[in-house]
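Biologist: Hi, could you walk me through this one? I have a few quick questions.

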Amino acid sequence: MAARPKGLTRLTLVVLLALAATGAAQQGAAAPKRIVSLVPALTEMLFAFGAGPQVVGVSSYDDFPPEVKSLPRVGALLDPDMERILSLRPDFVITYGSQTDVQTQLARAKIRAFSYRHAGLDSVLSTIRNLGTSVGRARESERLARDIQGRLDATRARVAKLRPLRTLLVFERDPASLRGVYASGGYGFMHDILGVAGGTDMFDDVSRESVQPSVETILARAPEVILEVRPMGVAKADIEKERHAWDALPSVPAVRNGRVYIATDEYLVVPGPRVAQAAEAIARILHPEAFR
Amino acid sequence: MSTLDSTVAVGASALTRPVRVRLALAVGGFGALAVATCLLAPLVGSTTISLARVFDRSIPFSENVDAQIFFIARMPRVLAGAVTGATLAAAGVVFQAMLRNPLATPFTLGVSAGASLGAMTAIIFGTAIAVGPLSIVPLASLLGAGLAAAIVYWLATLRDRAMSTTVLLLAGVTLNAFFSALILFLQYLTNFAEVYRAMRWIMGDLDVGSFQPILAVLPLVAIAFAMFALLPSSLNLLSVGSDAAAARGVNVARTQRLAFVSASLATAAAVSLAGPIGFIGIIVPHLVRLLVGVDHRVVLPASALFGAAFLVACDVGSRTILAPLEVPVGVITALLGGPFFLWLLVRKG
């Protein structure tokens with residue numbers, strides 16, 4: 001009686017090992033040769049750790065690094081073009097977590113899918129590592145992640161002794177008015193980058209990625225710095241004019257002390273390999289004295 | 001004031017007091033409610049402020065946070081709520097009477113969809129264009145509303161000088177659907193940030209941040225209300241039927257045009273100020289009718305006053321319930337207004 005379960009266990013073990021071995025062999029053997037990425041931040045990661053030559057298609061919002069500009073476009077988050085994706089004969093497709101339809105279709109087509117969702121700064125680094133491992137660039141991606149971590153730590157160290165500034169980090173608002181303000185809430189990579197750069201998010205206590213504060217809340221919370229990060233919302237020529245929209249709230253310390261900034265560089269809002277660069281740029285805005 | 005009007009009004013309502021008395025009672029009651037709401041609302045908010053500090057002249061305004069919260073954040077907001085609420089409620093009364101349809105709202109004839117399309121277009125394509133101190137968004141929504149109203153007006157008067165309510169309704173419903181499709185298409189073409197802002201605009205928002213946006217629409221609102229003042233007696237007869245009204249000496253075509261233009265203008269102004277805030281334009285007029293009867297000479301001013309009080313009160317909820325987050329005011333008007341209206345309906349029945 002006792003022999004049968006033992007035999008079963010052994011059999012199960014053998015089967016499992018065999019499966020694991022084929023799985024491992026498959027994974028090892030299948031460093032993808034044709035990658036399609038629907039997520040711009042992850043496209044950047046691929047190029048940053050040297051998997052650029054494997055990329056055969058990108059999303060319609062990709063524009064960095066410059067190499068992607070000549071690659072075929074396959075739609076984006078809301079409008080992925082499955083036909084175009086399949087026509088590129090990919091063996092690895094990077095999807096956003098919510099694109100479950102795409103993932104199902106890819107599974108049916110027996111194409112490996114990598115699922116990703118935006119989260120905090122930690123997840124940028126872990127995604128670099130996971131993605132690197134999945135596309136056969138484990139060592140290079142590890143080096144990249146460490147390099148980014150090192151640069152983030154360096155920025156953090158530079159501002160460590162300075163008092164963190166209470167900052168209102170604005171993503172969007174209506175032109176020339178203070179209506180429709182979207183600001184950073186208590187989590188997300190932008191919130192984390194602000195922390196590295198020596199700022200305290202004004203909405204640290206609100207556990208959401210973004211907040212729509214009323215004028216009253218902004219007045220009451222009195223930010224010391226207002227930093228608008230709006231690559232899409234503001235043309236360079238309008239920065240000065242848009243800064244003055246805040247003059248309507250003269251009691252806010254940031255307004256009183258001329259500490260309202262509008263940054264329009266695209267890389268500041270991409271949760272990819274340039275996060276360290278973004279953290280340093282924001283630290284330079286918040287604490288210029290630390291970089292003299 | 002002709003005896004004929006009074007007969008119609010009294011015949012339809014259970015109330016038998018003379019119209020002057022009822023008007024005085026209604027305006028007094030709802031007026032007191034509106035004034036009380038507008039006076040109390042600025043005292044409440046997501047933060048606590050000291051009234052003593054607000055009016056303390058020894059602190060310069062540029063450093064007085066409490067005064068700024070009171071005068072820059074709360075007062076314009078309350079005023080925007082009062083103007084929008086009064087305007088949408090009055091426009092609702094006029095549309096319901098003119099279309100002889102209890103389900104009509106200020107948004108039935110496509111004016112709000114036109115306004116939304118205008119606002120969307122501005123949000124998506126017109127980033128950073130400003131006209132003087134005003135943002136392009138309200139201006140574009142005003143233009144969109146005007147375009148929608150013009151199309152509906154043209155269609156409804158194409159064959160006949162008197163407007164056909166059937167054509168009006170069908171044209172309005174079709175235009176609503178058509179503009180909604182255009183809005184969806186625009187949203188589909190654009191990126192997230194804009195889609196999100198556009199969605200938020202549709203939910204309605206009274207946080208105007210200064211008196212300027214209110215002052216900008218006030219002339220339009222004033223013109224609309226001046227036109228409203230000419231309407232009540234004719235609307236009383238028109239709501240019985242256009243033939244009956246014509247038989248009693250009402251210039252039906254002229255009244256319809258006046259009603260359509262004034263209510264569209266009012267709606268356009270309100271929507272460009274605060275976005276398409278729903279439910280006010282249907283619930284407030286019905287509530288008021290349940291309380292004061294159907295005579296438009298009483299219903300119209302009472303609805304405007306009650307609409308102001310109702311929206312200002314809803315906005316107090318919007319800014320305090322989840323503070324520092326806000327609940328879109330349109331969500332509150334629907335959540336409060338719907339059940340309350342049903343309760344009154346059942347109780348009355």
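**Chat about the two chains**

Modeller: Happy to. Keep in mind that this is a predicted model. In chain A, 57% of the contacts with a separation of 6 or more come from residues 24 or more positions apart.

Biologist: And how many helices and strands does chain A have?

Modeller: Chain A has 11 helices and 10 strands. Of its 292 residues, 46% are buried.

Biologist: What are the domains of chain A, and where are their bounds?

Modeller: The domain assignment gives domain 1 (35-117) and domain 2 (152-291) for chain A. The contact between them takes five residues from domain 1 of chain A and four residues from domain 2 of chain A. On the domain 1 side, there are four nonpolar residues, one charged residue and no polar ones.

Biologist: How far apart are the C-alpha centres of domain 1 and domain 2 of chain A?

Modeller: Those centres lie 31 Å apart.

Biologist: Let's switch to helix packing. At what angle do helix H7 and helix H11 of chain A pack?

Modeller: Helix H7 (residues 189-196) and helix H11 (residues 275-286) of chain A pack at about 55 degrees, and their axes are 8 Å apart. That angle makes H7(A) oblique to H11(A). Their crossing is right-handed.

Biologist: Which residues make the contact of H7(A) and H11(A)?

Modeller: From H7(A) you have A:Phe189, A:Ile193, A:Leu194 and A:Val196, and from H11(A) there are A:Val275, A:Ala278, A:Ala279 and A:Ile282. By class, that contact has eight nonpolar residues, with no polar and no charged ones.

Biologist: Nice. Over in chain B, how do helix H6 and helix H12 pack?

Modeller: Helix H6 (residues 136-156) and helix H12 (residues 252-274) of chain B have their axes 8 Å apart and an angle of about 155 degrees between them. Angles over 145 degrees count as roughly antiparallel, so H6(B) is roughly antiparallel to H12(B). H6(B) passes H12(B) in a right-handed crossing.

Biologist: Which residues of H6(B) and H12(B) meet there?

Modeller: On the H6(B) side they are B:Pro138, B:Ser141, B:Leu142, B:Ala145, B:Gly146, B:Ala149 and B:Tyr153. They meet B:Phe260, B:Ser264, B:Thr267, B:Ala268, B:Val271, B:Ser272 and B:Leu273 in H12(B). In terms of class, this contact has nine nonpolar and five polar residues, and no charged ones.

Biologist: What is B:Val299 in contact with, leaving aside its neighbours within four places in sequence?

Modeller: With those set aside, B:Val299 is in contact with B:Val93, B:Pro285, B:Val288, B:Arg289, B:Val292 and B:Val294. There is also B:Val27, 272 residues away along the chain, and its C-alpha atom is separated from that of B:Val299 by 9.4 Å.

Biologist: Last topic, the contact between the chains. How many residues does each chain give?

Modeller: Chain A gives 29 residues and chain B gives 32 residues. On the side of chain A that touches chain B, helix H8 (residues 215-221) gives the most, with five residues.

Biologist: And how does that side of chain A split by class?

Modeller: The side of chain A that touches chain B has 16 nonpolar, seven polar and six charged residues.

Technical notes
Residues numbered from 1 in each chain as written. Chains lettered and ligands numbered in written order. Predicted model: local features only at pLDDT ≥ 70, side-chain atom pairs only at ≥ 80, totals over all residues. Contact = placed C-beta atoms within 7 Å. Helix = DSSP H or I, 4+ residues; strand = E, 2+ residues; numbered from the N terminus. Nonpolar A, V, L, I, M, F, W, Y, C, P; charged D, E, K, R; others polar. Buried ≥ 20, exposed ≤ 12 C-beta atoms within 10 Å, placed from the backbone. Axes fitted to C-alpha atoms, helices over the stretch in contact; angles between N-to-C directions. Parallel < 35°, antiparallel > 145°, perpendicular 65-115°, else oblique. Left-handed = near helix turned anticlockwise from the far one by under 90°. Domains from an automatic or database assignment.
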